[in-house]
Amino acid sequence: MVAGRMKLDHDIRVKKWRRSMSGCAWRVYHHDGRVVNWIEAPRPRTPISLAIFLHEVGHHAIGFERYKKRCEEEYHVWLWALGEMRKLGVRPDGKVRQRFELSMQYAVDKAMRRGLKRLPDPLMRFLPKAA
């Protein structure tokens, strides 16, 4: 079972299995020094639900503090998730590739709206096209 293996490998707990194709990842620091890694994601049953699940796991696998810019973190987490899919023998299909593209366009647009001064080169392709 993919979910069980990922949970063990990355010390993750699933707060909730979502019915929607969305997810969330966060870390809780307790006063006694314990750290708990949480995700919410759909059960990985189809290529798209697997991609979303792995994307949320990727936030913990890569680390929340590794990249300064949130849009850059999203990019690298997506690349990690797509790579993990391939390792599992699941080819990212059109829905997965489209989700990656739309997610990255949203992340880059959000960063630009919030005043990002310099976009990392690999993310330039996600800038909105002029009309």
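Which helices and strands each supply at least two residues of the lining of the largest pocket? The elements in question are β2, α2, α3 and α4.

## Basis of the model

This is a predicted model, in which local features need pLDDT of at least 70 and side-chain atom pairs count only at pLDDT 80 or more, while totals for chains, interfaces and linings use all residues. Residues are numbered from 1 along each chain as its sequence is written, and side-chain values use heavy atoms, with hydrogens and water left out.

Helices (H or I, at least four residues) and strands (E, at least two) are DSSP runs numbered from the N terminus.

## The largest pocket

The volume of the largest pocket is about 570 Å³. Among its 23 lining residues, Arg-70, Glu-74, Ser-103, Tyr-106 and Ala-107 are the closest to the pocket centre. Helix α4 provides the largest share of the lining, with 6 residues. By class, the lining comprises 10 nonpolar, 6 polar and 7 charged residues. Here Ala, Val, Leu, Ile, Met, Phe, Trp, Tyr, Cys and Pro count as nonpolar, Asp, Glu, Lys and Arg as charged, and the others, Gly among them, as polar.

Rolling a probe the size of a water molecule over the atoms shows where empty space is left. A pocket is defined on a 1 Å grid over the protein atoms alone, as an open set of points where a 1.4 Å probe fits, with protein on both sides within 12 Å along at least five of seven lines; lining residues have an atom within 4 Å of a point. Grid points are joined across faces, edges and corners, and a volume is the space filled by probe spheres set on the points.

## Strand pairing

Strand β3 (residues 35-42) runs antiparallel to strand β2 (residues 24-29), and 6 bridges join the two. Two strands pair if DSSP finds at least two bridges between them. Val-28 has Val-36 of β3 as its bridge partner, and Trp-26 stands opposite Trp-38 in β3. The hairpin of β2 and β3 has 5 residues between the strands, and Gly-33 takes a positive phi near 95° there.

Strand β3 also pairs with β1, in the parallel sense, over 6 bridges. In this pairing, Lys-16 has Glu-40 of β3 as its bridge partner. Strand β3 is mostly covered, with 7 of its 8 residues buried (buried means under 20% relative accessible area, exposed over 50%, and partly exposed in between, with a 1.4 Å probe and protein chains only).

## The nonpolar core

The largest nonpolar core has 34 residues, of which Ile-39, Phe-53, Leu-54, Met-104 and Leu-123 touch the most other members. At least two core residues come from each of α1 (2-9), β1 (12-18), β3, α2 (47-62), α3 (70-87) and α4 (94-113). Such a core is a set of buried Ala, Val, Leu, Ile, Met, Phe, Trp, Tyr and Cys residues joined through side-chain atoms within 4.5 Å.

Leaving aside neighbours within four places in sequence, Met-104 is in contact (heavy atoms within 4.5 Å) with Cys-71, Glu-74, Tyr-75, Trp-78, Leu-123 and Phe-126.

## Individual residues

His-60 lies in helix α2 and counts as buried because its relative accessibility is 8%. Not counting residues up to four places away in sequence, His-60 touches Ile-12, Ala-25, Trp-26, Arg-27, Asn-37, Trp-38 and Ile-39. In helix α3, Gly-83 counts as partly exposed because its relative accessibility is 24%. Gly-83 and Leu-54 are 29 residues apart in sequence, and their C-alpha atoms are 9.7 Å apart.

Helix α1 holds both Leu-8 and Asp-9. Leu-8 is exposed because its relative accessible area is 64%, whereas Asp-9, at 43%, is partly exposed. Leu-8 is 82 residues from Val-90 in sequence and 20 Å from Val-90 in space, C-alpha to C-alpha. The C-alpha atoms of Asp-9 and Ala-61 are separated by 9.0 Å, with the two residues 52 apart along the chain. Asp-11, in the loop between α1 and β1, has a positive phi of about 50° although it is not a glycine. Asp-11 counts as exposed because its relative accessibility is 54%.
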